[in-house]
Structures are given as structure tokens and as C-alpha cells.
Amino acid sequence: MHVLIVDDEPVIRRGIVKMAEMYQPAFSRIQTAENGLEALERIRACEPDLVLVDVRMPKMDGLELCRIIHEEFPQIKTVVISGYSDFEYAQKSMNYGVRHYMLKPVTTADVHDMLNQLIKEPSRGYMPPSRYIEWIDQMEQHIWALQMEELGSLIDRWRDYCLSVQLSLAGLKELLDDCYALLVKRFQARNYSPSIAQAYLQADSVKEAIDTFNKGLIQMAKGLQAVRSGSFKDPMEEAKSYIDSRLSEDITLDQVAAMVGLTPTYFSSLFKKVTQETFVQYRINKRMMKAKELLAIPYVRIVDVATDVGYDDYPHFTKTFKKIVGVSPSEYRAGLGIK
């Protein structure tokens, strides 16, 4: 279990940390933050299971932090440990899903009693919407690109995550059915209508439901592969071809990503993985290769070469060419024996 302790007073913060360290069973991780903003950064980077927070702190107070946690991370348990007994604070905190409102000073026994109560509470199965959409996006991307190895790895992580959030069988079936419907809708928008049996709805256990659904994802990918009948062009090859044919145009990464049907972030990552170059580096190198070809044609003016490879700013072209090739365009042409 991972706990985050948030208090702007170092002495109190260290004291609560020591109390948490003495608790058994031991926490897997104990983090601290000095204010609400710092705490929110830590929560978004690595979601804790429990947050112990003070009310009055600089930059962002404890109640505002509790409100954000309640809205964005409702699965995280929150406890307020405050020096203020004001009823309004306590009432607001409860509206934000706070499990306990404890008054300072607290003793080790107080903290351990509170932890005993929280840890014995049955966990409510919940999957944050942001995480859910993230999984859907990755499933769609891997299936559409027919990346079977990546899809297999994703399926393993998806299975572990579904089991970790402890959804009930009924809740899991509802989530999987919604996931299936959303994927089908997205693929239909791409002119592919997957047809797989929704056997996960007849599963008798959580594990069976997940495993059956995951087999359906593989079937979706294989069905797409069959539809394409070997005529499918790799999205990265398609992207490179698109860039190569438009070197004189100022196309953007977003445009190319949309052309191959991938999100800009995923496309950028995949493009670099495949080509060992960023989108910008690849386009610059291709432009310089094209420029070298044009410079070998005696009657083509250097200024026209610059325009033909997408540089309206001639000085910028010469500077870039020299940086990549090692000599200026005129020196390169002279080296070919062209005056």
C-alpha cells in the first residue's frame, strides 16, 4: 500500500511519517509533499492508495486538494489531519469524500486506529475514466497497425490492471462490453467492422471474463489482417512516403499522423522507434538528400533548389545544408565540377 503525507510543517510531516513507518503491515511506499500543488504532481505521477493531508497550506490548501482527488481520483482514500476543529472544514471535507477528519496533535495510536479502519474497508472496484480511455486508445492503435507483439504485451498489462482494480464480475462485464462497443465504433469509422462473439458476457469469473475478452482483441486484429489480405501498407512506410513526396511543403506531424490514422503522440513515438529519427530530423535529412540530387543538375539554380525542398528563406537553407552535409550548397556543387 502506497501512502502520501501532505503537510507544510516539516516537524509534523516527519512525525506522521514515523507513525506510518511503525504501522504493520508496512506500507510499500511512503511519500511526502509540502503543499497541495506538490502533492497533486506526485499523485498524477504515481497514484497512492491513501493521502493524509493538512487543511491550511500555501499554494493549494488541503480542502482544494481533497476536492480534486475526489473528482479525478475517487479510488484514492483521503484523511484530513488538521489543527482546526471548525465544523465548516469538516463538513466540506466529507463532501469531498474524506474518510476521517482528525485533529492535531495526533498520537501513534490515533493514526494506527484510523489506518486499521481504512485498510479493513472493502475496496470498491473502480477504473478511472482517463485510464480507461488510455487503454482503449492503445488497443485501437496496436490493432489498426497490426502490431501483434505490442498488442500481446498490452493485453498482459491490461489483464493485470483489471484484476488490480477489483471490479465485481457484473461491473467488469459492463466495462468490457462498453470497451468492445467503443472499439467497434472506432473501427467502423475506419471502414472496418470487426465481428467477434461477446463470449465474455457468459463468463463465470472475473479472470475468465478478462481472458475471453482479450482473445477477442486478438481476433479483431486477425480479422483486420484477413480483410486487408496482405495489401496493407505499414503506417510508418506510408508516413515516410507521404513526407518524401511533399518535401517542398510545410506539413506538420499532426497532419501526417492523421493521414495514417494515429494520434500525434503515438505516431511521434512510433516514428522515432522505427526510423531512429524524430519527424523533424527525418524531414530535414530527406530535404538535404533531395537538395544534393538537384544540385547535381547544372541548370538548376541554388535558390530554386532551396525552394524545391521547402526553404523560402535561402540563408536558412544554406546554413542547414552546411550543418548536415558539411559544406555549403555552392561548395558541394563545385565539388561535383559544376560552376
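# Exercises on a predicted model

Five strands form an open sheet in the order 2-1-3-4-5, and the pairing is parallel. Two strands count as paired if DSSP finds at least two bridges between them. Strands (E, at least two residues) and helices (H or I, at least four) are DSSP runs, numbered from the N terminus.

This is a predicted model, in which local features need pLDDT of at least 70, side-chain atom pairs count only at pLDDT 80 or more, and totals for chains, interfaces and linings use all residues. Residues are numbered from 1 along each chain as its sequence is written, and side-chain values use heavy atoms, with hydrogens and water left out.

## Exercise 1. The sheet and its helices

Step 1. Strand 1 (residues 2-6) pairs with strand 2 in the parallel sense over 5 bridges. Within strand 2, R29 is the residue opposite H2.

Step 2. Contact means heavy atoms within 4.5 Å.

## Exercise 2. Strand 4

Decide whether the two faces of strand 4 are covered or open.

Step 1. Strand 3 and strand 4 run parallel and are joined by 4 bridges. L50 has K77 of strand 4 opposite.

Step 2. In a regular strand the side chains alternate between the two faces of the sheet.

Step 3. On one side of strand 4 are K77, V79 and I81, on the other T78, V80 and S82, and all are buried. Both faces are therefore covered by the definition of buried: under 20% relative accessible area, with exposed over 50% and partly exposed in between (1.4 Å probe, protein chains only).

## Exercise 3. Aromatic pairs

Describe the pair W144 and F187 and the pair F267 and F271.

Step 1. A pair of aromatic rings is described by the distance of the centres and the angle of the planes. Rings of Phe, Tyr and Trp (its six-membered ring) pair if their centres lie within 6.5 Å; planes under 30 degrees apart count as stacked, over 60 as edge-to-face and the rest as tilted. The structure holds 15 aromatic pairs.

Step 2. W144 and F187 are stacked, at 6.3 Å centre to centre and with 25 degrees between the planes. W144 lies in helix 6 (residues 129-144) and F187 in helix 8 (residues 169-188), so this pair ties together parts that are 43 residues apart in sequence. Both W144 and F187 are buried.

Step 3. F267 and F271 form a tilted pair, with 5.5 Å between the centres and 40 degrees between the planes. These two are 4 residues apart in helix 12 (residues 264-275), so about one helical turn separates them. F267 is buried at a relative accessible area of 0%, and F271 is buried at 0% as well.

## Exercise 4. The surroundings of M236

Locate M236 and list its contacts beyond four places in sequence.

Step 1. M236 belongs to helix 10 (residues 235-244) and counts as buried, at 1% relative accessibility.

Step 2. Leaving aside neighbours within four places in sequence, M236 is in contact with L262, F267, L270, F271 and V274. Two of these, F267 and F271, form the tilted pair of Exercise 3.

## Exercise 5. Cysteines

How many disulfides does a search of the whole structure find?

Step 1. A disulfide is a covalent bond between the sulfur atoms of two cysteines. Here the criterion is a pair of cysteine sulfur atoms within 2.5 Å.

Step 2. The search finds 0 disulfides. For C66, the closest cysteine sulfur is in C46 at 19 Å, too far for a bond. C66 counts as buried, at 0% relative accessibility.

Step 3. C179 is in no disulfide either, and its nearest cysteine sulfur, that of C162, is 8.2 Å away. C179 counts as buried at 0% relative accessibility.
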